[in-house]
Amino acid sequence: TIFMDTLPCGSGNAVFSGSLPLKPGMYALLPGSWGKIDLLISDSLNQRISLSADARQLLSTLTFEDSPENRDYTTFQRLLRQQSAFRGRLYDNQHNPDSVNRLSKMLRQLNGELVSLSGQLQEQHTGKLLSLFLRILKEPTAPEPSIPLMVTDRDRFLQEYYYNYRKDHFWDGVDFSDRRLIAMPVYEEKLRYYFQQLVEPVPEAAGQAIDNLLEKADNQEDVYRFTAYSLFKLYRESPMPTLIPVTLHIADNFILNREERWKGDPRFAEVSQKVAKARLNSIGTVAADLKLVRNSGEVVRLSEIKARTTILYFFNPDCESCNPITEKLLPLYRRVKNQGVEVFAVYLDTKTEIWNAYIASKKLDWINVYDPSGEVGIESKYDIYAIPMIYLLDQDKKIIAKDVLVEEVEDYLRE
């Protein structure tokens, strides 16, 4: 999101104007805390648009003058909101068969209206952003399958058929040669949905899907770069550690090995830096040593910890995601500490009052350490792209596993 301009609107009226036309794309007006108004700008020449709305009921009262495209876009948005409301009611009434039947019938009718309206608007606004938006949004419609006689589980066959058809045809109708794709937030949303909901969450499947998609985007430089970088970020921020290698696949095959293609793009340097960090402390190598200070004031090195297995735990008491992990890790530690297991818990801040109070309140009896001066450079030695983060080290401080889920720690300890 880039904020371009602001205006006072105490009277309820405001005019945005400028000497240069806006680039074609999707824009938004943010009237205070009332929400936002989306609008499409398809034309670099004719950009005179007037609109009005009641801020308390933006979408239902929004009207446009001089912009049939935005008028029709708003109509379509209203139907999408109705669709979302029906789905919510269906979920809320899922245990009431009569309500489910009634609401399902109404939802099917509304879905038909949306499909019909989408087709009409694509024809009426050929070449416009609204047509592009609707093509991106369009879902594939699978033909009725022919079920082989030997199939014994009909429901499972149909479920797999519709899933595979949707996955295989999800990008039908999307023109990857159209640079305006990257100006449409719905394109990035579609990417996220496809890779998080339809692509199997294993590196091999994700890598193949990425290869196929970037082959489609290969002929338009801006679309290619936007897509590759968006997918790199998506997998870099994945909550599933097993998918982190996918970021290296994207970087090595579509970004870092094509430097000329990314010339002048600051995202290239960002990816290069993050990949270098991701390759720090690879599995099987000795973990980078850390000379830190315990809460008691004693200086201690990670390399000097005598333990069959060391759980290296990066966390912060102020981190909402960390507290549940600490609550799970602590009883596990107390069960296994007599088996040669130690926790080296690294606090990634310097607010000692908060840290010490947390240690006392939780009765954290493992090794609690921090870097009071910041000179150790913990985050330059370890790829801590999110916290909490757990590494497992053997007795020689070689890395057994990195970015481990707390639920998996005990399984590793048994091996």
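How many residues lie between β5 and β6 in their hairpin, and which residue in the turn has a positive phi? I found four residues between β5 and β6, and the turn residue with the positive phi, about 100°, is Gly297.

**Ground rules.** I am working with a predicted model, where local features need pLDDT of at least 70, side-chain atom pairs count only at pLDDT 80 or more, and totals for chains, interfaces and linings use all residues. I number residues from 1 along each chain as its sequence is written, and side-chain values use heavy atoms, leaving out hydrogens and water.

**Confidence.** I looked up pLDDT, the predictor's confidence in each residue from 0 to 100. The protein has a mean of 91, with 98% of its residues at 70 or more. Confidence is lowest in strand β1 (residues 25-29), at a mean of 87, and highest in helix α7 (residues 203-216), at 97. My helices (H or I, at least four residues) and strands (E, at least two) are DSSP runs, numbered from the N terminus.

**The sheet.** I traced seven strands in an open sheet, in the order β6-β5-β9-β8-β7-β10-β11, with mixed pairing. Two strands pair if DSSP finds at least two bridges between them. The edges are β6 and β11 (399-402), each pairing on one side only. From one strand to the next, the twist averages 30°.

**Pairs, one by one.** I started at β5 (residues 291-294), which pairs with β6 (residues 299-301) in the antiparallel sense over three bridges; Leu292 has Val300 as its bridge partner in β6. β5 also pairs with β9 (residues 367-370), again antiparallel, over two bridges, and there Arg294 is bridged to Val369. Next I checked β7 (residues 309-315) and β8 (residues 341-347), which are parallel over seven bridges. Thr310 finds its partner in Glu342 of β8.

**Helices on the sheet.** I see helix α14 (residues 406-414) packed on the sheet, touching β7, β8, β10 (389-393) and β11, and making about 5° with the direction of β10. Contact means heavy atoms within 4.5 Å. Helix α12 (residues 352-362) lies across β5, β7, β8 and β9, at about 170° to β9. Axes are lines fitted to C-alpha atoms, for helices over the stretch in contact, and angles run from 0 to 180 degrees between N-to-C directions.

**A helix pair.** Last, I looked at α3 (residues 97-124) and α4 (residues 129-137), whose axes come within 8 Å and cross at roughly 145°. Ser118, Leu121 and Gln122 of α3 meet Leu130, Ser131, Leu134 and Arg135 of α4.
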